[in-house]
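Here are some questions and answers for a reader who is meeting this structure for the first time.

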Number of protein chains: 2
Amino acid sequence: MLIRIDAGDTRPLYEQIVLQLRAAIADGSLAGGDRLPPAKELAEAIGVNAHTVLRAYGELRDAGLIELRPRRGAVVVSPAPPRQHLAELARRFTEQARDHGLSASEIIDLIAEQL
Amino acid sequence: MLIRIDAGDTRPLYEQIVLQLRAAIADGSLAGGDRLPPAKELAEAIGVNAHTVLRAYGELRDAGLIELRPRRGAVVVSPAPPRQHLAELARRFTEQARDHGLSASEIIDLIAEQL
DNA sequence: ACCTATTTGTCCGTATGTATG
DNA sequence: CCATACATACGGACAAATAGG
């Protein structure tokens, strides 16, 4: 199985799932287009509730790493064309920064600090 | 009560709550430092489950509009010093962009396009 | 320094809705 | 139309954190 829950780990179950799936995507063992198991199925396999898996999937979707659609399941986003998603994130970020009164150059600086 | 659920509305309950609280913050009827009612209390007042309110609160926290802490409750962020939150958002954004292979200058460009 | 009550946080189980292949 | 799989919502339980005594 792709995922293993560590009962001794203090982190929440959903977060453990998120981290392991993130890692699998990062190191290539999950590639773009690959389909994750249905939430219910994975949940049974690793011994957690389906909600917990769905919550993890939801976080990965919010992070832009997978897409979720009914019946189709959870599909890893192909690494090439998530540019649109990144642009959307950039838009939301700049919007918030402007809401808080930052100027364009301040926003750029804020990003530059992280690089 | 601050919030009213419209059963005829097709939008999810948690989203209705989010939108109304957002509006209240935007128009000043909720100001920085104000404390929202405990989730359980608000839930009972408007006739939904406490989980549903907590989910709405969580979204507002992710949006940087409120802070949530056990026992302290949900407090509206003062509009002045959310700089730390913006830095956190910037960090997450740049991290994602890097995950997708963008260089530092490409990330800056992406932000600049939005300004 | 300790205890208690309050409030968020996580997780489970279940039910029902919604979209889609 | 049907089966599948995510989405929302309910209810209950317990854990974790913290404000206040």
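Q: Which element of chain A gives the most to the side of chain A that touches chain B?
A: In this predicted model, the contact takes 22 residues from chain A and 20 residues from chain B. On the side of chain A that touches chain B, α4 (83–99) and α5 (104–113) each supply at least two residues. The element that gives the most, with nine residues, is α4(A).

Q: How many residues of the side of chain A that touches chain B are nonpolar?
A: The contact takes 22 residues from chain A. They divide by class into one charged residue, five polar residues and, as the nonpolar group, 16.

Q: What relation holds between chain A and chain B?
A: Chain A can be laid on chain B with an RMSD of 1.1 Å, by a turn of 178° and a shift of 0.7 Å along the axis.

Q: Which element gives the most to the surface near DNA strand D?
A: Elements of both chains each supply at least two residues of this surface, among them α2 (39–46) and α3 (50–62) of chain A and α1 (13–26) of chain B. With three residues, the element that gives the most is α3(A).

How values were computed. Residues are numbered from 1 along each chain as its sequence is written. Chains are lettered from A and ligands numbered from 1 in the order in which they are written. This is a predicted model: local features need pLDDT of at least 70, side-chain atom pairs count only at pLDDT 80 or more; totals for chains, interfaces and linings use all residues. Copies are superposed by least squares on the C-alpha atoms of residues with pLDDT of at least 70 in both. Two residues are in contact if their C-beta atoms, placed from the backbone, lie within 7 Å. Helices (H or I, at least four residues) and strands (E, at least two) are DSSP runs, numbered from the N terminus. Ala, Val, Leu, Ile, Met, Phe, Trp, Tyr, Cys and Pro count as nonpolar, Asp, Glu, Lys and Arg as charged, and the others, Gly among them, as polar.
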